[in-house]
Amino acid sequence: MILVYIIFVGILSAKVSADLYNPRYDDFDVDPLIENDRILVGYTKCFLDKGPCTPDAKDFKKIIPEALETSCGKCTLKQKQLIKKVIRAIMERHPEAWSQLVDKYDKDKKYRDNFNKFIEEKD
């Protein structure tokens, strides 16, 4: 009976994860990240392949291309809020790094307009 339950939960988890990103990071506290420039720059360097990545940063880095292409289409509402908060901090305090990130993940400039609209939306 327990095995059936585990399989059922696994199937449900797979279905949810196909539609939305893992909600495990919905409660990720971004305030320490955006309040500490050293940490913010560290994450940015990770995303640009210019520095080491924390385990969390590695996870975030994996979804950047798809999140950019879909304007965070698989993000939960909470994830959208957190991503906007972090990106706004990078844009304001490190515009050159933001420009490098955009160039790296959207070389052909196909997603910039839609993603910028997403970032500008009210939470």
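This is a predicted model: local features need pLDDT of at least 70, side-chain atom pairs count only at pLDDT 80 or more; totals for chains, interfaces and linings use all residues.

**Stop 1: the charged pairs**

How many salt bridges does the structure hold? The count is ten. Side chains of opposite charge can pair when their charged atoms come close.

**Stop 2: R93 and D37**

Select R93 and D37. They form a salt bridge, with 3.2 Å between the closest N and O atoms. Now colour by helix. R93 sits in helix 5 (residues 77-93) and D37 in helix 3 (residues 37-47), so this pair ties together parts 56 residues apart in sequence. R93 is partly exposed, at 37% relative accessibility. D37 is partly exposed too, with a relative accessible area of 34%.

**Stop 3: K61 and D49**

Next, select K61 and D49. Their closest N and O atoms are 2.2 Å apart, and the two form a salt bridge. Which parts does this pair tie together? K61 belongs to helix 4 (residues 55-69), while D49 lies in the loop between helix 3 and helix 4, so the bridge links parts that are twelve residues apart in sequence. K61 has a relative accessible area of 22%, which makes it partly exposed. D49 is partly exposed, with 47%.

**Stop 4: D103 and R112**

Move on to D103 and R112. Their side chains meet in a salt bridge, 2.8 Å from N to O. R112 counts as buried, because its relative accessibility is 19% and the cut-off for buried is under 20%.

**Stop 5: a network**

Select R24, D59 and K62 together. Salt bridges with shared partners join these three residues into one network.

**Stop 6: the buried side of helix 6**

Now select helix 6, residues 95-105. Which of its residues are buried? They are A97, W98, L101, V102 and Y105. Look down the axis. These residues cover an arc of only 140° around the axis, so they lie on the same side of helix 6.

Finally, show what surrounds that side. The cover over the buried residues of helix 6 includes helix 3, helix 4, helix 5 and helix 7 (112-120). Among these covering elements, helix 3 and helix 5 were already on screen at the second stop, where D37 and R93 form their salt bridge.

Conventions. Residues are numbered from 1 along each chain as its sequence is written. Side-chain values use heavy atoms; hydrogens and water are left out. A salt bridge is a side-chain nitrogen of Lys or Arg within 4 Å of a carboxyl oxygen of Asp or Glu. Helices (H or I, at least four residues) and strands (E, at least two) are DSSP runs, numbered from the N terminus. Buried means under 20% relative accessible area, exposed over 50%, partly exposed in between (1.4 Å probe, protein chains only). The arc is that of the directions from the helix axis to the C-beta atoms. Contact means heavy atoms within 4.5 Å.
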